[in-house]
Amino acid sequence: MMLPGHKVALNVWDRERHKRMLIHLDEQEWEDVSRAVAQSMKQREPIKLKMYHEFEELEIIGIVDRVNQLKCQFMVDGEWFLIKDFEGAQLEN
């Protein structure tokens with residue numbers, strides 16, 4: 001038999017242990033990402049972006065349509081994403 005408070009604490013603990021760590025990019029990696037995004041937007045080339053999500057691996061594949069520097073967002077195939085959630089980027093060949 002388990003007390004309700006213990007069950008809630010166990011569920012919270014289980015959820016927390018599956019969280020992914022946020023990867024912090026250094027200055028060179030940010031330059032590489034910026035270059036890849038700009039190239040995708042200018043030359044209409046597909047790009048593969050790895051984005052941060054707490055519980056799953058998230059990849060975005062498509063062409064960058066727009067970048068909004070004021071709101072720190074970019075658009076891929078009509079959907080907006082936050083720039084701060086980047087884990088990495090590469091151009092698809």
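Which residues make up the largest nonpolar core? In this predicted model, the core comprises twelve residues: Leu-25, Val-33, Ala-36, Val-37, Ile-47, Leu-49, Met-51, Ile-60, Val-64, Phe-74, Val-76 and Phe-81. In soluble globular proteins, nonpolar side chains tend to be buried together.

Helix H2 spans residues 27-43 and includes Ser-40. Ser-40 is buried, and its relative accessible area is 0%. A polar atom of the Ser-40 side chain lies 3.1 Å from the backbone nitrogen of Val-64. Val-64 is itself one of the core residues.

Strand S3 covers residues 64-68, and strand S4 covers residues 73-76. The two strands run antiparallel and are joined by four bridges. Asn-68 has Gln-73 in S4 as its bridge partner. Together, S3 and S4 form a hairpin, with four residues between the strands. Cys-72 lies in the turn and has a positive phi of about 55°. Phe-74 and Val-76 are among the core residues, and both positions fall within the range of S4.

The surface also carries a nonpolar patch, formed by Met-2, Leu-10 and Trp-13. Together these three residues have about 340 Å² of accessible area. Met-2 is placed in the segment before helix H1, which spans 4-17.

Technical notes
Residues are numbered from 1 along each chain as its sequence is written. This is a predicted model: local features need pLDDT of at least 70, side-chain atom pairs count only at pLDDT 80 or more; totals for chains, interfaces and linings use all residues. Side-chain values use heavy atoms; hydrogens and water are left out. Patches are made of residues with over 30% relative accessible area and no salt bridge: like charges are joined within 9 Å, nonpolar side chains (Val, Leu, Ile, Met, Phe, Trp, Tyr) within 5 Å. Accessible areas come from the Shrake-Rupley method with a 1.4 Å probe; for residues, only the protein chains shown count as cover. A salt bridge is a side-chain nitrogen of Lys or Arg within 4 Å of a carboxyl oxygen of Asp or Glu. Two strands pair if DSSP finds at least two bridges between them. Buried means under 20% relative accessible area, exposed over 50%, partly exposed in between (1.4 Å probe, protein chains only). A polar contact is a pair of N or O atoms within 3.5 Å; within protein, one must be able to donate a hydrogen and the other to accept it, and residues adjacent in sequence count only if both atoms are side-chain atoms. A nonpolar core is a set of buried Ala, Val, Leu, Ile, Met, Phe, Trp, Tyr and Cys residues joined through side-chain atoms within 4.5 Å.
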